[in-house]
Amino acid sequence: MQASAVEIQKVNKYYGPFHALKDVDLSVPAGKVTCLIGPSGSGKSTLLRCMNFLEEYDSGEIRIDGRLIGYDAPGRKMGGRALREMRRSIGMVFQQFNLWPHMSARENVAEGLLRVRGLPKAEASARAADALAKVGLADKMDNHPSRLSGGQQQRVAIARAIAMEPRLMLFDEPTSALDPELVGEVLTVMKTLASEGMTMVVVTHEMGFAAHVADRVAFMERGELVAADTPDRILHQPQDPRIQSFLRTYHERNSF
Amino acid sequence: MDLLQQYGPALLRGFGFTVLCWALGTIFGMGLGLLIALLRHYGPRWLCWILQVYIEVIRGTPFLVQLFVLYYGGPLIGLRLDALPAGLLGLTIYGSPYFAEIFRAGFRAVPLGQLEAARAIGMTEASIVRRILLPLSMVSALPALINFSIILTKETVILSIITVPELMYQVSRMSAETFRYVEANLVLALFFWGLVETISRLGRRFEARVTKHLIERT
Amino acid sequence: MFSIPVFLESLVPLFWAARYTLLISVGGIALGLVIGTLICAARLSPSRSLRRFGAVWVSFLRGVPLLVQLLVFYYSLPLIGVDVPAMVAAVFTVGVCASAYISEIWRGAINALPRGQAEAAVAIGMTPADVWRRVILPQAVTMSLPALINELILLVKASSLVSVVGILEITRASQAQAATTFRPLEVYLAAACIYLVINLCLAGLGRWLEHRTAV
């Protein structure tokens with residue numbers, strides 16, 4: 001058994017009476033790409049957001065590199081400093097990019113290096129430039145987000161995350177807010193990251209990406225983790241009728 | 001207790017005038033504002049321009065100064081008004097540009113397609129305004145209309161300065177005769193606070209009813 | 001008939017009185033910014049009683065006519081032993097009143113920021129102080145600038161009410177002049193003109209700021 005970067009055990013989450021995550025177990029292998037798929041409202045984004053404790057889970061355990069996130073011990077919340085410490089090594093990319101509109105692309109990327117890692121300004125700026133070059137935006141560094149296309153904005157957001165040199169990257173439907181013709185450039189960047197051995201957890205509706213890039217695919221429905229296995233066994237030979245029906249709908253919608 | 005007996009009727013009368021000024025001022029102001037908004041929407045360019053200047057001038061000057069011009073300056077050009085009609089006219093004029101702008105924003109918020117659909121089935125412009133434009137613009141305009149009407153309740157106290165015998169005027173007279181300035185004004189403050197809070201609550205309820213089918217609930 | 005010379009003649013002293021109008025409205029907005037920011041912080045704070053206090057503060061000051069507030073303060077300050085010049089009382093009242101509106105402007109701007117803005121900062125491990133200082137406040141301030149200018153315009157107009165406590169700002173000065181010249185129409189129109197010029201300038205400034213920040 002290979003080392004897990006994220007180990008999730010019996011995680012439950014409630015929104016008032018609504019049971020959003022039901023006894024979810026999942027282990028994310030280090031250096032691999034894990035895709036979370038499933039119908040909307042199935043809890044996959046919630047689960048992802050629990051992994052850096054942007055969303056608090058109510059019971060169970062989520063361990064990042066063996067360390068419990070969000071709680072010092074069951075029932076006792078982690079202090080802000082310790083939590084920030086852990087989040088530093090977890091990069092996150094959002095569906096809506098969430099770039100800060102009052103900063104240029106380069107400032108967006110440098111901000112975390114400057115404020116969180118405490119690097120001197122020149123070095124933060126240089127590293128930001130490197131990260132932006134890596135996502136193919138060396139020529140757009142001084143543009144503000146409003147002057148960038150959706151695909152470019154999302155690539156800046158990825159650069160912002162990788163500049164922090166995380167050990168784990170979380171992607172929350174990174175291409176769902178993009179026009180179809182801009183999806184490719186973002187997926188390409190993500191593929192490059194994957195090939196470099198980054199541990200990635202990706203919530204996505206892009207089945208093609210899941211099939212070709214993922215090492216593991218987990219299917220969720222109604223807050224339950226139905227199955228987690230190789231892409232082939234989930235996407236091509238699904239056993240569970242819930243997965244079969246989901247894929248049928250997906251194929252019908254995407255065929256013409 | 002004596003005070004209440006002595007001044008009660010006057011205060012009640014004052015309150016009556018306050019409500020009267022507010023209600024008529026709001027109705028007339030809203031009417032004039034709607035007229036201005038429609039004229040700007042459908043009228044010729046030169047008229048739009050004149051109305052724009054009117055709006056800027058009224059919005060750029062204090063209500064009190066407008067009242068002074070009207071009440072004290074009016075007679076010089078033959079406009080001789082008693083305090084109450086001058087106050088009402090002043091309130092109407094003062095409110096009209098704000099109402100006009102609220103209506104205009106409301107018109108603009110109506111999707112063009114809704115109006116095109118009405119034109120496509122051959123409705124006249126007049127009935128489009130009445131049946132489509134006005135009701136739909138209410139969705140976005142109503143909260144602002146209610147809000148500004150509430151603001152106008154507070155402006156009525158300024159009418160006391162040109163001796164309209166509304167509540168504030170009566171309270172000032174009373175406090176001048178009894179030297180109880182602080183108590184009188186404090187009571188007046190609490191009274192207005194209660195009034196404004198109540199109207200706001202009612203307004204929100206009314207708003208929820210009128211726009212029930214027009215706003216998609218999430 | 002309307003006399004243009006009288007109109008022009010009254011412009012000069014009224015223009016001079018405008019400095020008090022400006023002093024009251026600018027002083028009012030400055031004080032309003034300080035108190036309004038505190039009230040906004042109270043309304044966004046985790047403490048229930050602070051939130052309640054902020055809500056009552058805003059509701060009271062927005063529900064009571066400024067003229068009434070002015071008289072309450074003017075008459076009650078000496079009672080509690082505070083003997084201040086009318087001018088100070090006026091700036092104080094206008095500022096306290098403005099604080100209610102300004103706190104709502106701040107709150108509106110902060111609430112209008114997408115949640116993801118703060119989340120992105122939290123996700124890379126920024127401290128709450130940095131999230132506010134670097135991400136939320138810069139955006140909220142730029143967003144609020146036009147509304148703050150608008151508030152200043154409202155204060156310029158509202159400052160006409162302090163004429164009732166005897167401060168010789170534009171309105172009071174025009175009353176005095178109307179009484180001596182017996183030409184109220186020209187004098188009050190002149191006063192209106194000065195207010196209009198001040199406010200048109202401010203509105204222009206507001207539009208410029210809005211345009212600049214929209215880019």
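## Where chain A meets chain C

The contact (heavy atoms within 4.5 Å) takes 22 residues from chain A and 20 residues from chain C. This is a predicted model, where local features need pLDDT of at least 70, side-chain atom pairs count only at pLDDT 80 or more, and totals for chains, interfaces and linings use all residues. As for bookkeeping, residues are numbered from 1 along each chain as its sequence is written, chains are lettered from A and ligands numbered from 1 in the order in which they are written, and side-chain values use heavy atoms, with hydrogens and water left out.

The size of an interface is often given as the accessible area lost when the parts come together. Chain A and chain C bury about 1800 Å² between them, with 58% of it on carbon and sulfur atoms; buried area here is the accessible area (1.4 Å probe) that two parts lose on being put together, summed over both. On the chain A side, A:Arg84, A:Trp100 and A:Arg115 lose the most area to chain C, together 32% of what that side buries.

## Charges and helices on the A side

Chain A and chain C share two salt bridges, each a side-chain nitrogen of Lys or Arg within 4 Å of a carboxyl oxygen of Asp or Glu. C:Arg134 and A:Glu111 pair up in a salt bridge through their side chains, at 2.6 Å from N to O.

Helix H2 (80-87), strand S8 (90-93) and helix H3 (105-115) of chain A each bring at least two residues to the side that touches chain C. Helices (H or I, at least four residues) and strands (E, at least two) are DSSP runs, numbered from the N terminus. H3(A) has the largest share, three residues.

## Where chain B meets chain C

Here 32 residues of chain B are in contact with 34 residues of chain C. The two chains bury about 2900 Å² between them, 79% of it on carbon and sulfur atoms. B:Leu76, B:Lys154 and B:Trp193 lose the most area on the chain B side, together 20% of what it buries.

Salt bridges between chain B and chain C number zero, while seven residue pairs are in polar contact, both at pLDDT 80 or more. H8(B) gives the most to the side of chain B that touches chain C, with eleven residues.

Key. Polar contact = N/O pair within 3.5 Å; in protein donor to acceptor, adjacent residues only side chain to side chain.
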